[in-house]
Amino acid sequence: MTSTVAKKEIVAGAPLRIGPFTLNSRLIVGTGKYKTFALMRQAIDASGADMVTIAVRRVNLDRPQEESLLDYLDRSRITILPNTAGCYTAEDAIRTARLGREAGLSNLIKLEVLGDAQTLLPDTEALLVATRQLVKEGFVVMPYTNDDPIVAKKLEDAGCACVMPLAAPIGSGQGILNPLNIQFILRTVKVPVIVDAGVGTASDAAVAMELGADGILMNTAIAEARDPVAMAQAMRLAVQAGRLAREAGRMPKRETASASSPVSGTVARSLDEA
């Protein structure tokens, strides 16, 4: 029994590899919507995340003397994931990714190409165009996409380091609306699958990991919680618990009851023999 538990703990804690990057935490967090940079830093620390995404457009790249959210991130421990938030065309997203790399942020990019301002759903056609160009330029691309396994496969074929299907619209907090599609994506691609957008609370994170997701990216669920630091810790534990449960293998669902104190079977026979 001891050796089995130890093995599962190791599996649940296995690092997540995205391209050339290795992460000890399977929780990736954002930096937006916090009341203060100091609160943001406390929440990130509580989350245990070692990859943090920032919108390139939110960083004062042309005013380095001003206070920046980068001043509150321990870049010796945290991998910065620039993102193209707010871009609505492939050209704009490509330009923003290049700007972030030229400013010294990273060649890693969370690629967002949005279709409209109301739903913030991705424009997958433009996303594929931007992906192919950025991969050609040496970027490690992590694309935010819809929960479509066909698009996920096309993104993998285009050279993405992972795919990041939404659970629900950005910032909606509605949780995993279509678990079946997430499962289809997991069966379709070989690169890591990071559930991105729509997680609202810790149980949502656990469900995503139990489905088999390799990781989760979230921002609003933590930043807009009544206590962001406490929620960050809850999300950290939920991601760990969900992955461990996935690796442990849940019991089968049954239509009828099954006695928890059986009168037959291995345990019962052992007691009779004793």
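## Exercises on helix packing and a pocket

Helix α3 (residues 90-102) and helix α4 (residues 124-136) pack at about 35°, and their axes lie 8 Å apart. The model is predicted, with local features needing pLDDT of at least 70, side-chain atom pairs counting only at pLDDT 80 or more, and totals for chains, interfaces and linings using all residues. Residues are numbered from 1 along each chain as its sequence is written, and side-chain values use heavy atoms, leaving out hydrogens and water.

**Exercise 1.** Find the residues with which α3 meets α4, and sort the contact by class.

*Step 1.* Contact means heavy atoms within 4.5 Å. From α3 come A90, I94, A97 and R98, and they meet A126, V129, A130, Q133 and L134 of α4.

*Step 2.* By class, this contact of α3 with α4 has seven nonpolar, one polar and one charged residues. Here Ala, Val, Leu, Ile, Met, Phe, Trp, Tyr, Cys and Pro count as nonpolar, Asp, Glu, Lys and Arg as charged, and the others, Gly among them, as polar.

**Exercise 2.** Describe how α7 packs on α9.

*Step 1.* Helix α7 (residues 202-211) and α9 pack at an angle of about 30°, with axes 7 Å apart. α7 is therefore roughly parallel to α9 (angles under 35 degrees count as roughly parallel).

*Step 2.* On the α7 side, the contact is made by A202, A205, A206, M209, E210 and L211; on the α9 side, by A234, M235, A238, V239, G242, R243, A245 and R246.

*Step 3.* Sorted by class, the contact of α7 with α9 has ten nonpolar, one polar and three charged residues.

**Exercise 3.** Now do the packing of α2 with α9.

*Step 1.* Helix α2 (residues 37-47) and helix α9 (residues 228-248) pack at about 20°, and their axes are 7 Å apart. That makes α2 roughly parallel to α9.

*Step 2.* L39, Q42, A43, D45, A46 and S47 of α2 meet P228, V229, A232, Q233 and R236 of α9. The contact of α2 with α9 divides into six nonpolar, three polar and two charged residues.

**Exercise 4.** Describe the lining of the largest pocket.

*Step 1.* A pocket is an open set of points on a 1 Å grid where a 1.4 Å probe fits, with protein on both sides within 12 Å along at least five of seven lines; lining residues have an atom within 4 Å of a point.

*Step 2.* The largest pocket has 28 lining residues, and K110, E112, I170, N219 and T220 lie nearest its centre.

*Step 3.* The lining of the largest pocket divides into eleven nonpolar, twelve polar and five charged residues.

Definitions and conventions
Axes fitted to C-alpha atoms, helices over the stretch in contact; angles between N-to-C directions. Helix = DSSP H or I, 4+ residues; strand = E, 2+ residues; numbered from the N terminus. Parallel < 35°, antiparallel > 145°, perpendicular 65-115°, else oblique.
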